Amino acid sequence: MNTDFLLFNLREAQEEIEKTIRDLETDSDYGEPEFFVAMMHLYHHVNTAWNARDSTPEQSKNCSDEDFNRWGRYPTDLEVMAV
């Protein structure tokens, strides 16, 4: 696995979660449009962490638009948890 790229994307996701929580706690004007953008950013990094886990350091460094879009999509090889 491309640990450096995984860590970069997971840290970006962590930062977005922390920022979103802070904003929800402190900004009374925070609404659905802001939450929508935050969630798109969060999902992009979580999805990329999974989808690009086997990319080479060279591939992740020179990420093409096609890679960026493909890696950012919801994974097709993960099942949604159900109870």
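Let me start with Pro75, which counts as buried at 6% relative accessibility. This is a predicted model, and that holds for every value I give today. Pro75 sits in the segment after α4. Which residues does Pro75 contact, leaving aside its neighbours within four places in sequence? They are Asn47, Trp50 and Asn51.

The buried residues in α2 are Ala38, Leu42, His44, His45, Asn47, Thr48 and Ala49. Asn47, then, is both buried in α2 and in contact with Pro75. Among the elements that cover the buried residues of α2 are α1 and α4.

Staying with Trp50, what lies over the face of its ring? Arg53 does, at 3.8 Å from the ring centre. Arg53 is buried, with a relative accessible area of 19%. Arg53 also takes part in a salt bridge, and its partner is Asp77. The closest N and O atoms of that pair are 3.4 Å apart.

Now the salt bridges as a group. As background, side chains of opposite charge can pair when their charged atoms come close. How many salt bridges does the model have? The count is three. Besides the one between Asp77 and Arg53, there is a bridge between Asp23 and Lys19, with the closest N and O atoms 2.7 Å apart. Asp23 and Lys19 are four residues apart in helix α1, about one helical turn.

The remaining bridge joins the side chains of Asp67 and Arg70, at 3.1 Å from N to O. Both residues lie in helix α4, three residues apart, again about one turn. Asp67 is buried, with a relative accessible area of 14%, and Arg70 is partly exposed, at 37%. On the spacing in these helical pairs, a general point: an α-helix has 3.6 residues a turn, so residues three or four places apart point the same way.

Last, the aromatic rings. The count comes to two aromatic pairs. Why is the pair of Phe5 and Phe8 described as stacked? The ring centres are 6.5 Å apart and the planes are at 10°, so the pair is stacked, the cut-off being under 30 degrees. Phe5 and Phe8 both lie in helix α1, which covers residues 3-26, and they are three residues apart, about one turn of the helix. Phe5 is buried, with a relative accessible area of 15%, whereas Phe8 is partly exposed, at 41%. Ring pairs link Phe5 and Phe8 with Trp71 in a cluster.

Note on methods: Residues are numbered from 1 along each chain as its sequence is written. This is a predicted model: local features need pLDDT of at least 70, side-chain atom pairs count only at pLDDT 80 or more; totals for chains, interfaces and linings use all residues. Side-chain values use heavy atoms; hydrogens and water are left out. Rings of Phe, Tyr and Trp (its six-membered ring) pair if their centres lie within 6.5 Å; planes under 30 degrees apart count as stacked, over 60 as edge-to-face and the rest as tilted. Helices (H or I, at least four residues) and strands (E, at least two) are DSSP runs, numbered from the N terminus. Buried means under 20% relative accessible area, exposed over 50%, partly exposed in between (1.4 Å probe, protein chains only). A charge sits over a ring if NZ of Lys or CZ of Arg is within 6 Å of the ring centre and within 35 degrees of the ring normal. A salt bridge is a side-chain nitrogen of Lys or Arg within 4 Å of a carboxyl oxygen of Asp or Glu. Contact means heavy atoms within 4.5 Å.
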